[in-house]
There are 2 protein chains.
Amino acid sequence: LRALPDGAVGIIAGGGDLPLEVARAAAAAGRAVFIIALRGFASRQVRLFPHIFADMLDPAGIIACLRAHDVRLVALGGTVNRPGPLAVASVFSAFRNRDEIARIMQGGDDSVLRGVVRMLEDEGMTVVGAHEVAPALLAGAGDLGAIAPDAKAMNDIALGAALLASIARFDVGQACVVAGGRVLGVEGPEGTDALLERVALLVKRIVKLDGDRPVLVKAPKTGQDQRIDMPAIGPRTIAKALAAGCAGLALAANGVIVIDRAETIVEADRAGLFVTGFST
Amino acid sequence: LRALPDGAVGIIAGGGDLPLEVARAAAAAGRAVFIIALRGFASRQVRLFPHIFADMLDPAGIIACLRAHDVRLVALGGTVNRPGPLAVASVFSAFRNRDEIARIMQGGDDSVLRGVVRMLEDEGMTVVGAHEVAPALLAGAGDLGAIAPDAKAMNDIALGAALLASIARFDVGQACVVAGGRVLGVEGPEGTDALLERVALLVKRIVKLDGDRPVLVKAPKTGQDQRIDMPAIGPRTIAKALAAGCAGLALAANGVIVIDRAETIVEADRAGLFVTGFST
């Protein structure tokens with residue numbers, strides 16, 4: 001991990017629990033926290049921390065606010081929907097030339113977020129991944145809970161990890177599901193929860209598993225900017241994996257955030273699922 | 001294409017229209033046709049050809065029947081559900097040793113079908129792909145209908161083809177959907193129709209396409225035994241692609257069967273979709 005500037009971390013907060021987890025973990029690590037809560041996305045729980053609400057399409061206002069609070073370190077976290085093309089163009093038009101806007105808009109969601117990161121950096125901010133200010137959020141290597149994968153699951157983990165590595169350059173999913181050496185699904189833009197729902201239907205209706213239990217394998221995409229799109233699991237992932245008949249979850253060590261770690265592990269142990277970090 | 005034995009072709013017919021297409025095309029090519037209709041799977045339309053009904057778990061009976069009709073050339077076509085492990089074991093136990101049965105059963109659906117092919121070959125049959133007795137079923141290179149892909153679609157076809165090539169060794173899907181350089185889905189065991197249904201929901205609810213239209217890209221898996229699992233499209237694929245907002249379908253030239261070709265092309269033209277064969 002690189003050395004980070006001193007002072008408060010500004011957390012630009014989209015939806016979900018992740019921004020609050022980051023805020024708690026960063027605060028626990030002794031860093032002051034200031035939340036820029038994106039209106040329409042961020043949880044109202046942000047009020048537990050110093051915060052302002054801001055519009056995601058007002059980057060100038062966000063930057064002015066970060067400056068006013070002397071924040072030079074910024075983390076992005078939580079979910080946002082991609083704004084439409086006109087909205088994106090209007091955001092960037094104050095800062096970028098026409099060719100660069102076209103490039104940013106042609107490149108998919110990651111590209112828009114990469115544009116946001118570059119804009120913050122051009123304004124002198126240091127943009128970091130949530131895990132850099134809150135490394136305790138990351139799954140490490142080895143078993144997180146009480147249950148360990150068996151030899152069959154280890155084979156499926158190896159197969160899934162190899163599959164994810166081979167598609168990583170296509171900017172497609174961060175997860176797949178494997179059962180008994182057979183790939184049951186590859187995550188697309190629908191996300192991990194929907195992938196697990198699909199697998200639950202597949203094993204009920206189409207695929208006979210002959211006793212094999214599926215394993216969810218999750219890893220960051222190669223070359224992915226982990227400041228803007230870090231894979232994450234949480235208690236809901238455990239519930240979905242249980243409903244899909246999974247044996248457990250395998251997470252690339254130091255590449256996946258565990259949201260609400262204590263509850264996630266309690267739920268996994270109760271459901272009889274392993275949660276393990278694998279090294280690639 | 002290799003030289004095939006003279007005489008009738010026996011078509012072991014699972015569900016769907018493909019076995020009938022094969023029978024029609026083989027008959028049109030001047031070859032006598034004899035259909036072994038798998039009970040519970042095969043269409044009742046098989047009665048248009050010389051046929052018997054047989055149980056998929058009675059390979060000895062099927063082989064005896066092929067012999068009685070002096071059939072030495074066999075094609076497999078149509079859909080079957082994988083029988084349960086006990087049923088598979090009982091089928092193979094008369095012909096195979098315990099280790100080989102275990103290997104066959106551990107390997108997924110293709111493995112079971114590969115076992116069937118080997119069993120037929122050991123009995124002196126020549127097992128061929130449907131396209132070998134009916135090459136007119138294959139999509140060739142270039143546009144099948146009146147509509148051609150534009151430059152954007154060509155880029156998506158190239159991306160999808162590269163993605164499929166990179167996952168081919170994992171025995172996962174034979175298709176993916178790409179829109180504006182973004183992968184919207186990779187086919188799993190759910191099949192192409194379900195993939196297109198998923199994309200239809202994605203583009204309605206989750207993914208903003210900014211005017212990009214998805215392209216379905218379909219190709220055989222590398223090392224796939226094309227005698228048992230040839231990718232196919234048909235009129236229903238066109239309807240699903242239309243519902244998903246697709247611009248068109250790209251098929252690996254000479255690697256994908258077009259079921260009901262005339263109707264498929266009429267429907268594609270009417271829907272404004274291209275159907276094109278690409279060379280890899």
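Is A:Cys176 buried or exposed? A:Cys176 is buried, at a relative accessible area of 0%; buried stands for under 20%, exposed for over 50% and partly exposed for what lies in between (1.4 Å probe, protein chains only).

## Basis

This is a predicted model, in which local features need pLDDT of at least 70 and side-chain atom pairs count only at pLDDT 80 or more, while totals for chains, interfaces and linings use all residues. Residues are numbered from 1 along each chain as its sequence is written, chains are lettered from A, and side-chain values use heavy atoms, without hydrogens and water.

## Cysteines

Over all chains, the structure holds zero disulfides, a disulfide being a pair of cysteine sulfur atoms within 2.5 Å. For A:Cys176, the closest cysteine sulfur is that of A:Cys246, at 11 Å, which is too far for a bond. In chain B, B:Cys65 is buried, with a relative accessible area of 11%.

## Helix α9 of chain B

Helix α9 spans residues 235-243 of chain B, and its buried residues are B:Pro235, B:Thr237, B:Ile238 and B:Ala241. They lie on the same side of α9(B) because their arc around the axis is only 155°, taken from the directions from the helix axis to the C-beta atoms. B:Arg236 and B:Ala243, on the other side, are exposed. Helices (H or I, at least four residues) and strands (E, at least two) are DSSP runs, numbered from the N terminus.

After α9(B) comes B:Gly245, with a positive phi near 75°.

## A:Lys221

A:Lys221 sits in the loop between β9 (215-218) and β10 (232-233) of chain A. Its relative accessibility is 11%, so A:Lys221 counts as buried. Its C-alpha atom is 6.7 Å from that of A:Asp171, 50 residues apart along the chain.
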